[in-house]
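Work through these exercises with the sequence and the model open side by side. Try each task before reading its solution.

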Amino acid sequence: MKKREIYQLLWKTLKQEEKASTAVITKGKDQGSRAVWNPKKELLGTFGQATEALWQQVVEEMDGKNGLRMINGEEVFVEYLTKQPKLVVCGGGHISKPICQMGKMLDFHVTVVDDREEFANEERFFMADQVICCDYEELLHKVPFAPNTYYIVVTRGHRGDTCCVRQLLSYPCTYLGMIGSRKKVAITKEKLKAEGFTEEEIMSLHAPIGLKIGAQTPAEIAVSILAEIIQVKNEKADGVMESAIGQQLEQEMAEGMMLTIVEKKGSSPRDVGSRMWICADGHMEGSIGGGNAEYMAIQEAMENLKKEHKQQIWQQVFDMTNRESANTGMICGGTVKVLFEYLPVKE
C-alpha cells in the first residue's frame, strides 16, 4: 500500500469497527513502515519495507498501551485507537441543551432522544448531530449501539429514566449515568436488582450522575456531568482519531504533515497519541498541546512542506522543563517527542 492509503485504511477501519490498532517504525532500517490491524488483531495492510514477520512480533508484544518500544532492534510506536466517542442524551429537557453544547465542544458525536416532538426536534437541538423522537422502550432499536458511547439519562421522570437504564445496563457501554436524588437512585437500583440485574451491573451505573461540585443551574449540572465523563474517558488507554483529521485524510488532494506525540516525560498539556494535521495550504486540525511548543512544531512542518525534496519522517523533542521555560513561554515542566510524517496526495 501507499503511505496515504495506509492512513486511509486506518480511518476506514475506525469508522466501520469503532476500534483499530496501528504501529509505525520510528527508528531503524525500516523507518517509516506502518501497519494497521482490526480489533481482532488481524493484519489489514502495511506500508514500507518491514516484513510480515516483524509485524507479527509487534502483535505478540502488544500490551494495550500506546507508546514506544524496541522490537527486533527497531523503535516502534504502537497505538490503540477509537473513533470519535459518542454521547447519547436520553431526555430533551432544560439540562440537555447545555450538555449537548458542551459535548460538541469536547468533540463528541451527540445524539438526543426524547419521546415528545416538541422537545426532540432539530430546531431545539441544532447543535446535535442526531435528534430522535421515539418511545424510550424503543431506545436500542433507534440508537445504534457502539462500545465507545457515553449515555446520559436525564428524562422528565422516574419511568423514563428506569426504562432507559434497564435497556442500557445490558450492554457494555463506556459510561452510563442517571440523574436523580439519592432516594430516587436507591429505589431504582432496588427495582433493577429485583428484576435480576447483578450487583456488578448495577454498580456500573453512575448515579447520582456527575462530580460533586455543588451544581445548581442547568449549565452547572451539565459541567458536573461532562467533568465526570472526561474523567472516565481519559482513564482509558486508547487514543482517539479526531473526525476532522480523518476527513482530511479522505481528501486525496490534501497534501500535509501528520504530527503525533510518541513520548512524553513530566508534565505536558496533551498525552501520547495526540496528533495534529497540517495541510500545505495552512489548514490545521487537532492539537499536540498548544503554546510555543506547538507553534515551533508547526513551523518545522510548514518548512518541510515548502521544500522540493521533503523529509518523509523524523522525530523531534520539545523541551518544556523549567530550564527552557523562559525561552519557550511554557510552564508545563516536561518534554514531548513529536513524530513528523509527510503524507503526499494519493500517489
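**Exercise 1. Against which elements do the buried residues of helix 9 pack, and which residues are they?**

Solution. This is a predicted model.

Step 1. Start with the partners. The buried part of helix 9 packs against helix 1, strand 12 (256-265), strand 13 (275-279), strand 14 (284-286) and strand 16 (335-343).

Step 2. List the residues. S243, I245, G246, Q248 and L249 are the buried residues of helix 9.

**Exercise 2. At what angle do helix 1 and helix 9 cross, and with what hand?**

Solution. 

Step 1. Take the axes of helix 1 (residues 3-17) and helix 9 (residues 243-250). They come within 9 Å and cross at roughly 135 degrees.

Step 2. Classify the angle. Over 145 degrees would count as roughly antiparallel, and 65 to 115 as roughly perpendicular. Helix 1 and helix 9 are therefore oblique to each other.

Step 3. Assign the hand. The crossing of helix 1 and helix 9 is left-handed.

Step 4. Find the contact residues. Helix 1 brings R4, Y7, Q8, W11 and K15. Helix 9 brings S243, G246, Q247, Q248, L249 and E250.

Step 5. Sort them by class. The contact of helix 1 with helix 9 has three nonpolar, five polar and three charged residues.

**Exercise 3. In what order do the five strands of the open sheet lie, and which stand at the edges?**

Solution. 

Step 1. Trace the order. The five strands run 14-13-12-16-15, with antiparallel pairing.

Step 2. Find the edges. Strand 14 and strand 15 (313-319) each have a single partner strand, so one side of each lacks a neighbour in the sheet.

Step 3. Read the twist. From one strand to the next, the twist averages 20 degrees.

Step 4. Place the helices. Helix 1 packs on the sheet and touches strand 12, strand 13 and strand 16. The direction of helix 1 makes about 115 degrees with that of strand 16. Helix 9 also packs on the sheet, touching strand 12, strand 13, strand 14 and strand 16. The direction of helix 9 makes about 40 degrees with that of strand 13.

**Exercise 4. How many bridges join strand 16 to strand 12, and how many pair it with strand 15?**

Solution. 

Step 1. Take strand 12. Nine bridges join strand 12 to strand 16, and the two run antiparallel.

Step 2. Locate two positions in that pairing. K264 stands opposite V336. M257 has Y342 as its bridge partner in strand 16.

Step 3. Turn to strand 15. Seven bridges pair strand 15 with strand 16 in the antiparallel sense. The bridge partner of F318 in strand 16 is V336.

Step 4. Check burial. Nine of the nine residues of strand 16 are buried, so the strand is largely enclosed by the rest of the structure.

Step 5. On one side of strand 16 are T335, K337, L339, E341 and L343. On the other are V336, V338, F340 and Y342. Both faces are covered.

**Exercise 5. Which way do the residues of strand 6 point, and in what sense does strand 6 pair with strand 7 and strand 9?**

Solution. 

Step 1. Count the burial. In strand 6 (residues 86-90), five of five residues are buried.

Step 2. Strand 6 pairs with strand 9 (residues 149-153) in the parallel sense over five bridges. With strand 7 (residues 109-114), the pairing is also parallel, over five bridges.

Step 3. Follow C90. The bridge partner of C90 in strand 9 is V153. In strand 7, the partner is V113.

Step 4. Helix 5 (residues 158-168) has eight of its 11 residues buried. Its buried residues pack against several elements, including strand 6 and strand 9.

**Exercise 6. Which residues of helix 3 and helix 8 meet, and how do the helices cross?**

Solution. 

Step 1. Get the geometry. Helix 3 (residues 96-105) and helix 8 (residues 218-234) pack at about 45 degrees, with their axes 8 Å apart.

Step 2. Classify it. Helix 3 and helix 8 are therefore oblique to each other. Their crossing is right-handed.

Step 3. List the contacts. P98, I99, M102 and G103 in helix 3 meet P218, A219, A222, V223, I225 and L226 in helix 8.

Step 4. Sort by class. The contact of helix 3 with helix 8 has nine nonpolar, one polar and no charged residues.

Methods: Residues numbered from 1 in each chain as written. Predicted model: local features only at pLDDT ≥ 70, side-chain atom pairs only at ≥ 80, totals over all residues. Heavy atoms only, no water. Axes fitted to C-alpha atoms, helices over the stretch in contact; angles between N-to-C directions. Helix = DSSP H or I, 4+ residues; strand = E, 2+ residues; numbered from the N terminus. Parallel < 35°, antiparallel > 145°, perpendicular 65-115°, else oblique. Left-handed = near helix turned anticlockwise from the far one by under 90°. Contact = heavy atoms within 4.5 Å. Nonpolar A, V, L, I, M, F, W, Y, C, P; charged D, E, K, R; others polar. Buried < 20%, exposed > 50% of the residue type's maximum accessible area, 1.4 Å probe, protein only. Pairing = 2+ DSSP bridges.
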